[in-house]
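Please look through the sequence and the three-dimensional structure shown here before reading on. The paragraphs after it are meant to be read with the structure in view.

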Amino acid sequence: MASLEEQFEQALMEIQLADSGKHLLDAEAVTECIVAGENVTITLDLPSDEQLRKSISEQVENRFMQIEGIASVRIQMADQPGNGGQAPPSQEAPGVPRAPQRPQRQTYLENYDAIIAVSSGKGGVGKSTVSVNLAVTLVKMGHKVSLFDSDIYGPSIPIMMGLRSSKPQMEGDAIVPLEKYGVSLMSIGNLVEESAATIWRGPIVHQVIEQLLRDTKWPGGEFMIIDLPPGTGDAQLTLTQLLEITGALIVSTPQDVALLDALKGVSMFNKVDVPILGLVENMSGFVCPHCNEETPIFDKGNAQRASGQHNVPFLGRVPIELAIREGGDNGAPVATSKEETNTSKAFKEIAENLITELNNL
Ligand SMILES: Nc1ncnc2c1ncn2[C@@H]1O[C@H](COP(=O)(O)OP(=O)(O)OP(=O)(O)O)[C@@H](O)[C@H]1O
Ligand SMILES: [Mg+2]
């Protein structure tokens with residue numbers, strides 16, 4: 001059976017905007033769709049014609065009620081106070097996006113010495129793992145570090161940092177970042193219900209990221225680490241528009257397919273003039289904890305070779321290790337361990353090489 005997201009998309013594609021002939025998805029008329037249990041709230045961005053709004057709202061409601069598992073449908077308009085930009089953040093549920101009030105060229109996070117975007121072309125290669133361990137390692141080295149989860153489709157920072165059910169405090173209109181292992185952090189996962197299947201469309205990605213950057217009381221410091229979603233899509237574009245990113249750190253596994261995608265990421269950052277600080281080869285060889293023999297499950301060394309060929313600094317390798325996966329799932333990144341292990345040394349080396357590259361900029 002199709003996923004809920006696919007069923008929603010199908011439903012929205014069946015409803016047309018009479019004037020343009022486009023369906024609601026193509027017309028980008030849906031700015032938000034949040035599911036909490038059996039209840040769905042849909043925000044529509046429609047022309048001001050009341051008749052049209054009424055008719056489209058009814059069609060959406062009727063069609064969504066036919067979807068199995070949906071018991072109530074609430075429709076709201078993006079430009080109405082409370083759903084839109086007019087209301088201050090304290091009057092909305094935190095994390096619920098507002099209508100765009102985009103300044104021409106506003107940049108955020110100016111109180112950080114370095115803003116590092118952790119990126120990859122391919123999903124699942126270890127961006128979030130590298131982000132959390134790098135942040136913790138930099139704290140251990142004595143730096144003041146923040147971590148921002150810009151993956152609003154699949155935020156994994158709350159789980160990896162052991163803050164799964166933590167909600168941030170509000171201070172007036174501002175969100176106070178959470179803090180763990182000495183790292184200040186914020187993620188959409190700490191604002192919306194975990195059970196909520198969230199469908200964000202392109203314009204909303206921009207709004208949510210901007211709101212999290214603007215409304216969070218970021219404390220400033222030496223490093224802001226930004227965990228990106230995979231690929232070269234909306235979030236990447238938004239961040240390059242909203243921030244003066246100091247540099248990108250690209251994570252790849254050693255496989256050719258992952259490296260090919262990683263190089264696409266390199267060329268995207270080159271196009272928008274964001275320097276590449278370097279490549280990290282993750283899941284690079286597996287050392288058997290019993291016999292100490294190394295098996296190159298996803299191959300090994302290819303990222304280092306590719307970085308040489310493409311003139312991208314190589315920052316280091318992280319092996320495949322059960323403890324890394326467990327640390328991620330248990331909310332205690334391996335770098336938090338007091339013992340010095342090969343893996344914690346690997347992250348320290350990556351952090352040191354990163355600082356060298358920053359100093360070379
Ligand atoms: N070096 C490693 N050894 C063992 N497991 C790892 C390693 N790196 C990452 N993992 C595990 O692989 C999975 C994917 O990693 P992670 O979530 O960091 O990737 P990602 O690139 O952020 O994924 P996404 O593209 O979905 O955001 C996680 O379960 C993580 O614990
Ligand atoms: Mg991730």
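The structure is a predicted model. Its chain has 361 residues, of which 43% count as buried. The secondary structure consists of ten helices and 15 strands. Among the contacts in the chain with a separation of 6 or more, 74% are between residues 24 or more positions apart.

The interior may be considered next. In soluble globular proteins, nonpolar side chains tend to be buried together. In this model the largest nonpolar core has 72 residues, and those touching the most other members are I116, A135, I225, I226 and L249. Helix α3 supplies the largest share of this core, namely seven residues. Another core, of 17 residues, lies apart from it and includes L12, L24, V30 and I34.

Helix α8 covers residues 302-309, and its buried residues are A303, A306 and S307. How do these buried residues lie when seen down the axis of α8? They fall within an arc of 100°, so they line one face of the helix.

Helix α6, which comprises residues 234-242, contains Q236. Is Q236 buried or exposed? A residue counts as buried if 20 or more other C-beta atoms lie within 10 Å of its own. Q236 has 24 other C-beta atoms within 10 Å and is therefore buried. Beyond its neighbours within four places in sequence, Q236 is in contact with S119, L228 and M268. Q236 and M268 are 32 residues apart along the chain, and their C-alpha atoms are separated by 9.1 Å.

The model also holds a ligand. Ligand 1 is surrounded by 21 residues, the closest being G123, G126, S128, T129 and G328. The elements giving two or more residues to this shell are α3 (127-140), β13, β15 and α9 (322-330). Sorted by class, the shell around ligand 1 contains seven nonpolar, ten polar and four charged residues.

Most residues other than glycine have a negative phi. E28, although it is not a glycine, has a positive phi of about 50°. E28 is located in the loop between α1 (4-13) and β1 (30-36). With 13 other C-beta atoms within 10 Å, E28 is partly exposed. N311 is likewise not a glycine, and its phi is positive, about 60°. N311 follows α8 and lies in the loop between α8 and β15. N311 has 8 C-beta neighbours inside 10 Å and so counts as exposed.

Definitions and conventions:
Residues numbered from 1 in each chain as written. Chains lettered and ligands numbered in written order. Predicted model: local features only at pLDDT ≥ 70, side-chain atom pairs only at ≥ 80, totals over all residues. Buried ≥ 20, exposed ≤ 12 C-beta atoms within 10 Å, placed from the backbone. Helix = DSSP H or I, 4+ residues; strand = E, 2+ residues; numbered from the N terminus. Arc of directions from axis to C-beta. Near = placed C-beta within 6 Å. Nonpolar A, V, L, I, M, F, W, Y, C, P; charged D, E, K, R; others polar. Core = buried A, V, L, I, M, F, W, Y, C linked by C-beta atoms within 7 Å. Contact = placed C-beta atoms within 7 Å.
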